[in-house]
Every structure is written in C-alpha cells, then in structure tokens.
Amino acid sequence: MKRLLAAAVLVFGALALSAPSAGAEERTCRGSIGKVTVDNLRVPDGASCRLNGTYVKGTIKVETSATLDARYVRVVGNVQAEEHRAVTLLSSRVGGSVQLKQGGSAVVSRNAITGDLQSFTNRGTQSFVSNRINGNLQCKENVPAPTGGGNIVGGNKEDQCRRL
C-alpha cells in the first residue's frame with residue numbers, strides 16, 4: 001500500500017511539474033509584425049521591431065539598444081523602454097502607461113494613453129505631440145528637454161513637459 005501511494009505521489013508530482021503554465025506568453029520581435037494578436041511582446045537587446053496594426057494583450061518591453069517603431073497598435077498594458085536606442089509610437093492606443101527611461105530618442109504622437117507618459121533621464125530627442133493622456137505627462141532630467149505640444153492631459157504636465 002505504501003509503495004502504491006508513493007508511486008501515485010511520484011506520478012502526480014511529475015505531471016504537476018510538466019504541466020504548461022497558464023500565464024501569458026511572450027513573443028520576441030526582430031523585424032516586423034503586422035495585424036496579429038500577441039500576449040506580451042519583447043524587443044530584445046540591439047534588435048529592431050516594427051509593429052503595424054498589432055494587438056498586444058499585455059505589455060511591450062523595449063530592451064537595451066533596441067528600436068521600436070509601432071504604428072496603429074493597441075496595447076492593453078504598458079509600453080516600457082529602458083536604455084533603448086529609439087521608440088516611435090504613432091496613432092496607437094495604450095491601456096496602461098508609456099515609460100521611457102535612460103534611453104535615446106522617442107517620438108510619441110497622436111496616441112490615446114490611459115495611464116501616464118513618462119520620460120526620465122533620456123539622452124536623445126524626445127517629441128510628444130497631440131496625445132490624449134488620461135494620467136500625467138512627466139519629464140525629468142532629459143538632455144535635451146522634450147519638445148512638442150497639443151497634448152491633452154487629464155492629470156498634470158510636470159517638469160520639462162509642463163508646457164507641452
């Protein structure tokens with residue numbers, strides 16, 4: 001009886017370890033992705049990714065020295081870029097926030113952003129034009145300071161972005 005119980009525990013334990021996870025899958029982007037639906041999307045170190053009409057059910061992460069060119073996309077979560085080379089986000093909808101940190105250039109134009117647009121400690125041109133931002137537009141310690149205008153902000157326009 002003990003051997004049968006031990007065998008059953010081993011079998012069920014092995015099944016539990018090999019069961020697929022219920023979490024969202026992450027797709028890596030190098031090159032182009034069109035009008036498809038993905039869970040989460042990652043642009044790996046040094047890669048370039050162009051999205052056109054893509055629906056992202058989760059978050060987009062742009063890694064070190066990577067480039068993202070996203071047009072007419074819908075993102076349920078956030079767009080997060082850290083130490084990126086360049087980010088372009090045009091005519092898109094973001095359900096969370098857009099966060100650009102310690103990277104290079106960015107163009108964020110004609111988007112609907114439910115959360116915040118944040119640009120902190122970037123070392124490239126930043127242009128924020130004609131966005132509808134439900135949260136805050138926050139910019140600090142960017143060189144040069146971001147440019148743009150025509151942004152409709154539900155929260156506050158802060159620091160370097162207070163006049164945008």
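Is the link of Cys-139 and Cys-161 left-handed or right-handed? The views below, taken from a predicted model, begin with this pair.

**View 1. The disulfide between Cys-139 and Cys-161.** A disulfide joins Cys-139 to Cys-161, with an S to S distance of 1.8 Å, and the link is left-handed, having -70° about the S-S bond. Because Cys-139 lies in strand S19 (residues 137–140) and Cys-161 in the segment after strand S22 (157–159), the pair ties together parts that are 22 residues apart in sequence. Both Cys-139 and Cys-161 are buried.

**View 2. The disulfide between Cys-29 and Cys-49.** The sulfur atoms of Cys-29 and Cys-49 are 2.0 Å apart and form a disulfide, which is right-handed because the torsion about its S-S bond is about 90°. Cys-29 is buried, with a relative accessible area of 1%, and Cys-49 is also buried, with a value of 3%.

**View 3. Leu-41 and its surroundings.** The largest nonpolar core has 34 residues, and Leu-41 is one of those that touch the most other members, as are Leu-51 and Phe-128. Leaving aside residues up to four places away in sequence, Leu-41 touches several residues, including Cys-29, Cys-49, Leu-51 and Ile-60.

**View 4. The open sheet and the pairing of S14 with S17.** Seven strands form an open sheet in the order S2-S5-S8-S11-S14-S17-S20, with parallel pairing, and the edge strands S2 (31–33) and S20 (147–149) each pair on one side only. Within this sheet, four bridges join strand S14 (residues 105–109) to strand S17 (residues 126–129), and the bridge partner of Ser-109 in S17 is Val-129.

Note on methods. Residues numbered from 1 in each chain as written. Predicted model: local features only at pLDDT ≥ 70, side-chain atom pairs only at ≥ 80, totals over all residues. Heavy atoms only, no water. Pairing = 2+ DSSP bridges. Helix = DSSP H or I, 4+ residues; strand = E, 2+ residues; numbered from the N terminus. Core = buried A, V, L, I, M, F, W, Y, C linked by side-chain atoms within 4.5 Å. Buried < 20%, exposed > 50% of the residue type's maximum accessible area, 1.4 Å probe, protein only. Contact = heavy atoms within 4.5 Å. Disulfide = S-S within 2.5 Å.
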